[in-house]
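Welcome! Please keep the model open beside the text as you read.

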Amino acid sequence: MTVKVKDFGLNNLPDAVLEEYGDKTKDPRFRKVMLSLITHLHAFAKDVELTEEEWFAGIQFLTAVGQKCDDVRQEFILLSDTLGLSSLVDSINHDSAGGSATESTVLGPFYAEGAPELPMGANIVQQATEKGIRAVVMGDISNEQGQPIVGATLDVWQSSSDGFYHMQDENMPDHNLTGRFVTGEDGKYYFATEKPAAYPVPTDGPVGDMLRACGRHPMRPGHLHFIITAPGYKRLCTHIFTNEDEYLDSDAVFATKTSLVGEYKDCNDEALAKEMNVEMPFEKVVYNFILAESK
Ligand code: BEZ
Ligand code: FE
């Protein structure tokens, strides 16, 4: 028996690969994703005329990214974030389509289950940082018709003014600067914290090497993270960015949006300070969240 040898080369790649995967991949969605991935990978290699050294450097880089991952460090997500892919996937999946609902943005790698459930108005600072500026964050959670949403759960987390999340710093109490609040009849939320400062994404791994090689800084503008959920509404994963932050126009992970900037203002309201149990002076930011109904 003579076996016919199939010739592979520049004349039939990637077509031969696409034909093989196209014929054999049964699940239609997976087939679509695989064929597009192969098409773009081959086009990329052809476009830059990838050398063997460059191909192997790429393999070594991806290997190092995987090796840097552990229970608390996800270097692949950081790679996706710093290439703008996470922000693109967020935009594809949460396009507000011109509605009035609050825009979403990336989750980031520092969300941890188990934030303390706190009464509305509580302070999420368990251990203050020396340079932390006291702040009160407040606003409404309502639907697109302007009605308050009762029983909405608001999860908040942020880094300290030194630039670390609780799981990154062993000297910080567990779940410092995180909290979970549930809205009452008025749909309002309010809590005390420290004004978030800009901080760098982790740069001690291969993604840090990539940023340096590309001449990019690792900074994110100051922000509070939120996940807001309520029965009958789409889950909202978003940030409130700190106004006047010098990195608002160059976020290392391409996740800023104008509509998500909160205006922090000096506040002289002694009654509010008393009610919120914060010392003067402090700053206040009012930001209203609007949730879209789930269909
Ligand atoms: C964050 O905001 O926590 C974050 C997002 C993407 C990469 C690194 C950090
Ligand atoms: Fe963050």
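Leu50 is partly exposed, because its relative accessible area is 32%, and the class "partly exposed" runs between buried (under 20% relative accessible area) and exposed (over 50%), with a 1.4 Å probe and protein chains only. You will find Leu50 in the loop between α2 and α3; helices here are DSSP runs of H or I with at least four residues, strands are runs of E with at least two, and both are numbered from the N terminus. Before going further, note that this is a predicted model, where local features need pLDDT of at least 70 and side-chain atom pairs count only at pLDDT 80 or more, while totals for chains, interfaces and linings use all residues. Residues are numbered from 1 along each chain as its sequence is written, chains are lettered from A and ligands numbered from 1 in the order in which they are written, and side-chain values use heavy atoms, leaving out hydrogens and water.

Now to the interior. A nonpolar core is a set of buried Ala, Val, Leu, Ile, Met, Phe, Trp, Tyr and Cys residues joined through side-chain atoms within 4.5 Å. The largest one has 28 residues, and those touching the most other members are Ile141, Leu154, Tyr189, Phe191, Phe226, Ile228 and Phe289. Strands that each supply at least two residues of this core include β1 (134–143), β4 (188–194) and β7 (223–229). Another core, of ten residues, lies apart from it and has Leu78, Val207, Leu211 and Val253 among its members.

| Residue | Relative accessible area | Class |
|---|---|---|
| Tyr189 | 1% | buried |
| Phe191 | 0% | buried |

How are the rings of Tyr189 and Phe191 arranged? Their centres are 6.3 Å apart and their planes meet at 35°, so the pair is tilted. Rings of Phe, Tyr and Trp (its six-membered ring) pair if their centres lie within 6.5 Å, with planes under 30 degrees apart counted as stacked, over 60 as edge-to-face and the rest as tilted. Phe181, Tyr189, Phe191, Phe226, Tyr287 and Phe289 form one aromatic cluster.
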